[in-house]
Amino acid sequence: MNRMVNIGFGNIANADKIISIISPEAAPVKRLVQAAKDDGTAIDATCGRKTKSVLVMENRSVVLSALLPETIASRINQ
């Protein structure tokens, strides 16, 4: 069964498909996000707010969230 996790502001993601949850501060992560935006595989779920976490999914898409990585991880582990 697919477990869904709230990633903020009414957006949900399939918790079973998440590979990693990372902070967007580092330069390699910024390059990853920019490459995903250029390829059209980035999904912006921030609702206009600052990106605080980046979710890398199994299908190589990147989901941007306005919640902290610790918040999303705790919701997945509940």
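Buried residues have under 20% relative accessible area, exposed residues have over 50%, and partly exposed residues fall in between (1.4 Å probe, protein chains only). By this scale D16 is partly exposed, at a relative accessible area of 33%. The structure is a predicted model, in which local features need pLDDT of at least 70, side-chain atom pairs count only at pLDDT 80 or more, and totals for chains, interfaces and linings use all residues. Residues are numbered from 1 along each chain as its sequence is written, and side-chain values use heavy atoms, with hydrogens and water left out. Helices (H or I, at least four residues) and strands (E, at least two) are DSSP runs numbered from the N terminus.

**Hairpin**

- Strands β1 (residues 4–8) and β2 (residues 11–14) pair in the antiparallel sense over four bridges, pairing being assigned if DSSP finds at least two bridges between two strands.
- Within this pair, M4 stands opposite N14 in β2.
- β1 and β2 form a hairpin with two residues between them, and F9 in the turn has a positive phi of about 55 degrees.

**Sheet and helices**

- An open sheet of four strands has the order β3-β5-β6-β4, with mixed pairing.
- β3 and β4 (42–44) stand at the edges with a single partner strand each, so one side of each has no neighbour in the sheet.
- From one strand to the next, the twist averages 20 degrees; axes are lines fitted to C-alpha atoms, for helices over the stretch in contact, and angles run from 0 to 180 degrees between N-to-C directions.
- β3 and β5 run antiparallel and are joined by four bridges, with I18 opposite M57 in β5.
- Helix α1 (residues 27–39) lies across β3, β4, β5 and β6 and runs at about 115 degrees to β6.
- Helix α2 (residues 69–77) packs on the sheet and touches β3, β5 and β6, its direction making about 145 degrees with that of β3; contact means heavy atoms within 4.5 Å.

**Salt bridges**

- There are two salt bridges, each defined as a side-chain nitrogen of Lys or Arg within 4 Å of a carboxyl oxygen of Asp or Glu.
- In one of them, R3 pairs with D16, and the closest N and O atoms are 3.3 Å apart.
- This pair links distant parts of the chain, with R3 in the segment before β1 and D16 in the loop between β2 and β3 (18–22), 13 residues apart.
- R3 is partly exposed, with a relative accessible area of 41%.
- E58 forms a salt bridge with K17, where the closest N and O atoms are 3.7 Å apart.
- E58 lies in the loop between β5 (53–57) and β6 (62–65) and K17 in the loop between β2 and β3, so the pair ties together parts that are 41 residues apart in sequence.
- Both residues are partly exposed: E58 has a relative accessible area of 48%, and K17 has 38%.

**Nonpolar cores**

- The largest nonpolar core has twelve residues, including V5, I7, I18, L55, M57, L67, I72 and I76; such a core is a set of buried Ala, Val, Leu, Ile, Met, Phe, Trp, Tyr and Cys residues joined through side-chain atoms within 4.5 Å.
- At least two residues of this core come from each of β1, β5 and α2.
- Apart from it lies another core, of six residues, among them V29, V54, V62 and L64.
- Neighbours within four places in sequence aside, I18 is in contact with V5, L55, V56, M57 and I76.

**S53 and L67**

- S53 is in strand β5 and is buried, at 0% relative accessibility.
- A polar atom of the S53 side chain lies 2.8 Å from the backbone oxygen of L67.
- Not counting residues up to four places away in sequence, S53 touches residues including I21, I22, V63, L67 and I72.
- L67 is found in the loop between β6 and α2 and is buried, with a relative accessible area of 16%.
- The C-alpha atoms of L67 and G8 are separated by 6.2 Å, although these residues are 59 residues apart along the chain.

**Positive phi in loops**

- C47, in the loop between β4 and β5, has a positive phi of about 55 degrees although it is not a glycine; at 46% relative accessibility C47 is partly exposed.
- R60, in the loop between β5 and β6, has a positive phi near 70 degrees and is exposed, at 73% relative accessibility.

How values were computed:
Polar contact = N/O pair within 3.5 Å; in protein donor to acceptor, adjacent residues only side chain to side chain.
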